[in-house]
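Welcome, and thanks for taking a look. Here are some notes to read alongside the structure, written for someone who is new to it.

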Amino acid sequence: MTQSPGQGNALDNLLTESRTFPPSDEFAAQANAQPALYEEAKADREAFWAKQAERLHWDTKWDQVLDWSGAPFAKWFVGGKLNVAYNCVDRHVESGHGDQVAIHWEGEPGDSRAITYAELQREVSKAANALTSLGIGAEDRVAIYMPMVPEAIFAMLACARVGAMHSVVFGGFSAEALRTRIEDSSCRLVITTDGQYRRGTPAPLKPAVDEAVAGAPSVEKVIVVKRTDTEVAWTDKDVWWHELVDSQSDQHTPEAFDSEHPLFILYTSGTTGKPKGILHTSGGYLTQASYTHNYVFDLKPDTDVYWCTADIGWVTGHSYIVYGPLSNRVTQVVYEGTPNTPNEGRHWDIVQKYGVSIYYTAPTLIRTFMKWGADIPAKYDLSSLRVLGSVGEPINPEAWIWYRENVGGGKAPIVDTWWQTETGAIMISPLPGVISAKPGSAQQPLPGIGAKVVNDEGVEVPAGGGGYLVLDEPWPAMLRGIWGDEERYRDTYWSRFGEQGFYFAGDGAKYDADGDIWLLGRVDDVMNVSGHRISTTEVESALVSHPTVAEAAVVGASDDTTGQGIVAFVILRGGAGADAGGADAIKALRDHVAKEIGPIAKPRQIMVVPELPKTRSGKIMRRLLRDVAENRAVGDVTTLADSSVMDLISAGLQSGK
Ligand code: 6R9
């Protein structure tokens, strides 16, 4: 079901925002990005991207920048060969930066480790040798299910080094979610830890792997990193990381792979229950990750300390912790834990400790910091911060201003970066030092990127108009498909505006009077909870798999902290018993969803209803349920098969049933 774009009252406030924050002369003078970059890209897009690809080391140069003859399947830097891990590690050692810290790793309990590029090279080489010793090589799939420990990054780079594809599964996902992802891409190997620190206490992780692997026959081995020293059950597939990897040689010669060699699969929610395995390849992906990281964050590799707070289980962790930053020889902080352990000042303590100068996070966390109070960051020296970033969902102007004032000292430029798992790298964002920032707007496509807001017919809307966000030119880091499902790739992204050949992003958007782009949230049945994509169907399937539930409908309702909150409407089965709608039963349903998908998918609220509003063709009208969930008067009910259903629902909810 499609909502009309631009819905939602919180977003109306967004669009009345008119403040702008021009860059200081001082910042502009030293910025990596200059206004000419836009001109250059416009003059010759392919030449522009070829120039960006020169940022990398190629063993064999490409002979064609873009081959779009098989659209919508792109090939970038055709004929080129490179090794992605060599580009992120070895070449920095070879250029004399082996002693530079690549990763300041900060464990949640307070342990820490500084890893230089020379050490990173040794660790990745050992891990690559370990993979080879297990027979893992080009195009094999490796699932990585780990917390934010250094070995997670070593593992990703080791896969890239031997040409295997990693499929990182967020450590907060359930055993069942892990199993379906392992199965979908037939992973041969899983890399995990015994446990993970969560809010100050070790929680087991390996049991979920045991459960998943028991139902996933493709898995031959499981490598286990000892992190929490939690006792774990052992199977004959298991091998300790420290036993397997530590004994390997720290010398490894990287092989050059084709520019279009697959690099990774990352699963993301779509509009059906089954997550999509988004496929990314090597040369184009790394080019755009590197280019955007350099210009959007104004990275100065010799002096900056960069920190992206994402988890490697999400695309932001892939492109802006691992591939973009390391290809640019960053010095970065990687933090293992939660922002309020041991207290709500933990992030600011880390900024102060390492002198973080670039900080990239999500609006949901900024709003949480707001709730905790400005007095917390005020206790720390945050004067090292010079660029702030935001990603994952629209940032409301209040949060933007709070971020600028209380974290950025009233002067650090904020980059609001719009992109997706599918786009692989940032697509729309102001360039710091060039563009006057506008709170709440991602503003302009980056040089080299084509993005537009169009109406239902695919015609670009005028300034002030709203519609759908589309990408009208292929881009280097674009997905190369959905794993094992070519048809779904075409259907999901390329059929909506097939005639025009536009990529349909699934987001509503609007131009303001200046022609700047404002993102308005998803227009499909994908919710955005704390920046995480979760489909309504996924949660619905989890609910109806519980024996007491007959039918379920799920909507994303606006939420002050998490952007959207999951609200479920359920019809109970006839024989479910008198207590099935009681508090305990509701809790059991929430826990059931957590078990099926993961705690992030737990509904904020579950309402038991006698009926669901449906059209004559049987489609659930989520728009009406959203009205109920957001405490609004219920909108137009004329297309309902039975228009009295909404009265029934409202009456039932009022009487507390
Ligand atoms: C990188 C990432 C993608 C969806 C996207 C959109 C939303 C991301 C945004 C934003 C407004 C921003 N989104 N960044 N909306 N402003 N700056 O988040 O990837 O997890 O695939 O989510 O997130 O709705 O379509 P992913």
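1. Which residues line the largest cavity? Please keep in mind as you look that this is a predicted model. The lining is made up of L82, N83, V84, A160, G163, A164, F257, H261, P262, L263 and S282. The volume of this largest cavity is about 50 Å³, and the count of cavities of 30 Å³ or more comes to 4.

2. Next, the aromatic rings. Searching the whole structure gives 38 aromatic pairs. F48 and W49 make an edge-to-face pair, because their ring planes stand at 75°, with the centres 5.6 Å apart, and an angle over 60 degrees counts as edge-to-face. Both F48 and W49 are buried. These two residues also belong to a cluster linked by ring pairs, together with W58, W62, W76, F77, Y291 and Y295.

3. Another pair to find is Y468 with F497. Here the rings are tilted, with 55° between the planes and 6.1 Å from centre to centre. Y468 sits in strand β22 (residues 466–471), while F497 is in the loop between α17 (486–494) and β23 (503–511), so the pair ties together parts that are 29 residues apart in sequence. Y468 is buried at a relative accessible area of 6%, and F497 is buried too, at 1%.

4. Stay with Y468 for a moment, and turn to charges over rings. The charged end of R496 is placed over the ring of Y468, 4.9 Å from the ring centre. In a second case, K226 lies over the face of W240, and the distance to the ring centre is 5.0 Å.

5. Where does UniProt place the feature "binding site"? The unreviewed entry puts this feature at R198, R199, G200, T201, T316, N340 and S530. These positions span 333 residues in sequence and the farthest two C-alpha atoms are 25.7 Å apart, so they do not all gather at one spot.

6. Three of those annotated positions can be followed one by one. R198 belongs to strand β9 (residues 195–198) and is partly exposed, with 32% relative accessibility. Leaving aside residues up to four places away in sequence, R198 touches E108, E336, G337 and T338. R199 falls in the loop between β9 and β10 (201–204). Is R199 buried or exposed? R199 is exposed, at a relative accessible area of 57%. Its contacts, with residues up to four places away in sequence again left out, are E108, T338, N340 and T341.

7. T316 counts as buried because its relative accessibility is 11%, and buried means under 20%. Not counting residues up to four places away in sequence, T316 is in contact with C308, A310, I321, Y360, V391 and W419.

8. The unreviewed UniProt entry marks K619 as "modified residue: N6-acetyllysine". K619 is located in the loop between β29 (605–608) and α20 (622–629), where it is partly exposed, with a relative accessible area of 48%. Beyond residues up to four places away in sequence, K619 touches P613 and K614.

Terms used: Residues are numbered from 1 along each chain as its sequence is written. This is a predicted model: local features need pLDDT of at least 70, side-chain atom pairs count only at pLDDT 80 or more; totals for chains, interfaces and linings use all residues. Side-chain values use heavy atoms; hydrogens and water are left out. Rings of Phe, Tyr and Trp (its six-membered ring) pair if their centres lie within 6.5 Å; planes under 30 degrees apart count as stacked, over 60 as edge-to-face and the rest as tilted. Buried means under 20% relative accessible area, exposed over 50%, partly exposed in between (1.4 Å probe, protein chains only). Helices (H or I, at least four residues) and strands (E, at least two) are DSSP runs, numbered from the N terminus. A charge sits over a ring if NZ of Lys or CZ of Arg is within 6 Å of the ring centre and within 35 degrees of the ring normal. Contact means heavy atoms within 4.5 Å. UniProt positions are given in the numbering used here, feature names are shortened, and annotations may be inferred rather than shown by experiment. On a 1 Å grid over the protein atoms alone, a cavity is a set of points where a 1.4 Å probe fits but cannot get out, and a pocket is an open set with protein on both sides within 12 Å along at least five of seven lines; lining residues have an atom within 4 Å of a point. Grid points are joined across faces, edges and corners, and a volume is the space filled by probe spheres set on the points.
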